[in-house]
Amino acid sequence: MMSDECIARQMRSIFFPAHQRHAFHRLNVEYLASLQGLESPALSDLLETGIRGNLQRASESDAVMPSLRHQVEWMAALIAQQGAWLQQDKERQRKQLLSNSEGNFILYRAGMSVDFAGKKLSEALLVPVHDAQQRVALAVQMLKDGLQVNPLNYRAHFELGWAYLFMLNQLPEATFHLDAAAQQAQAASDPLFARFARRHLADAWYGRQEFSKAADIALSILPEAAPDDLEVRYELSRYLSAAGDIPSAAQYLAQVVGRSAIHYVQAQAEPDFVGQGEIQTVLEDLRSIRLQRIQHYVHANWKQDALATLPLPDQIDSGELFNQVVDQHERVMTHLPYATLSQREKQIGDRILDASRQRIIREVRLRSRHYEQVAEKERQRWSWVNQTGGVLVHLSTILLLASLMFYLLRFALDLLGVGNLLNADTLVGNILGSMLLLGITGVTLLQFVPWGMKKLLLKQLELDNTVSVLKSSS
């Protein structure tokens, strides 16, 4: 994993070169991966850093980056694979050059000098600026010396052109050597490397503001490119836009950004596309298409959902609640980055459907809690009636106990033969009658239920049962 300090150094010289108007493109990293032997994790960090830099320069938020993580990692894997191929091809050509030297020490020394120059270029990316300049100058001189001995070494031409292009910003020299690398690689039956060199040649012509030449080279590469090679098409759209051929640029760009969210983000921050109405229309139309697809997915799946047809109590309209949720999410989606819409199209639709279900369940639960609160207020309002009933029942109990004590005491006195001392049946009868009246009245008041309370409780029970059904169906 590369350090932040190393990333910062590379950004200064390679990530945002002056000839690209200080904008980041993947082309800058493709040969760097081979030069440094970078693996996918380090390349992911470099790509993410470069894309963030473009967004910052365009005053765009980098909040979209988490949604691009998967595609950045996929792109890093492709670059790592290409870097490995470039390294293997370099080793193959080195062995071939050494075998062709046939004991010629000067030719052998020139080949070794070219190899050593590549190491110096690699070291130049990992040392302080002053040391880096010395290493680049040494590498350039070694490459020149090697080409004087063997001008057919197209890898030496390419590395020299690459150094001029990205590290020294000497574009005429870069153009010359990259052109030579492309022609000699083609003559040496290495078409893959020839195409790779021509892509850099187009970038050099672009830096010299020869936009038509850059576009012509990119167009010549396109038939040889794989159908899923979106970077070549993106570069072509940039060159065409800079050359003023906006309709063609918009056509090629639509082919790319419609399939790649990361290139959509790049296009939004691309200096060559700023102020081009037709290209901006393409980007906006793609966003509208994504929104329409999500809306269609949501409505089609809602019609098949059990909640859409399930009758709800208390005149709750599930369709109206669903539309409210959809409207809220649509307002949010208009502000989401295109990358998020394209990468998470199904997830966004499923989230809207789940939010609709939760909104219906929440509405039923809120109604239930509302009726519960109303019932509680009514109960508190009429609680004095139940409290009075409790007092009367308590008094009735006291009178009953007093009467029982009277009869027990008189029974004991009867055993002693003096029971006539407590001859008060009339008084005790009145007490028992009062006790009975107070008890009946108290029990009646304890059972008092405010008017409409039963209806509220039944509604609450129905709503609570509905919540259980909705949770089980969702």
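**Buried charges, helices and surface features of a predicted model**

Glu 270 counts as buried because its relative accessibility is 1%, where buried means under 20% relative accessible area, exposed over 50%, and partly exposed in between (1.4 Å probe, protein chains only). This residue comes from a predicted model, in which local features need pLDDT of at least 70 and side-chain atom pairs count only at pLDDT 80 or more, while totals for chains, interfaces and linings use all residues. Residues are numbered from 1 along each chain as its sequence is written, and side-chain values use heavy atoms, with hydrogens and water left out.

The pLDDT is the predictor's confidence in each residue, from 0 to 100; its mean over the protein is 78, and 78% of the residues reach 70 or more. Where pLDDT is low, the predicted coordinates should not be read in detail. Helices (H or I, at least four residues) and strands (E, at least two) are DSSP runs, numbered from the N terminus.

Charged pairs come next. Side chains of opposite charge can pair when their charged atoms come close. A salt bridge is a side-chain nitrogen of Lys or Arg within 4 Å of a carboxyl oxygen of Asp or Glu, and by this rule the count comes to ten. Glu 270 forms one of them with Arg 238, with 3.7 Å between the closest N and O atoms. This pair links distant parts of the chain, 32 residues apart: Glu 270 is in the loop between helix H13 (261-268) and H14, and Arg 238 is in helix H11 (residues 230-243). Arg 238 is also buried, because its relative accessible area is 1%.

Another salt bridge joins Glu 48 to Arg 69, the closest N and O atoms being 3.0 Å apart. Here too distant parts of the chain are linked, since Glu 48 lies in helix H3 (residues 40-57) and Arg 69 in helix H4 (residues 65-101), 21 residues apart. Glu 48 is buried at 10% relative accessibility, whereas Arg 69 is partly exposed at 36%. Lys 346 and Asp 350 form a salt bridge as well, at 2.9 Å between the closest N and O atoms. Both lie in helix H18 (residues 345-381), four residues apart, about one turn of the helix.

Two helices can be checked for length. The expected span of a helix is 1.5 Å times one less than its number of residues. Helix H7 (residues 154-168) has 15 residues and should therefore span 21 Å, which agrees with the 20 Å between its end C-alpha atoms. H7 is mostly covered, with 14 of its 15 residues buried, and the buried residues of H14 include Ile 279, Arg 287 and Trp 302.

After H7 comes Asn 169, whose phi is positive, near 55 degrees. Most residues other than glycine have a negative phi. Asn 169 sits in the loop between H7 and helix H8 (171-187) and is partly exposed, because its relative accessible area is 40%. Ser 189 likewise has a positive phi, near 60 degrees, and belongs to the loop between H8 and helix H9 (191-207). At 64% relative accessibility, Ser 189 counts as exposed.
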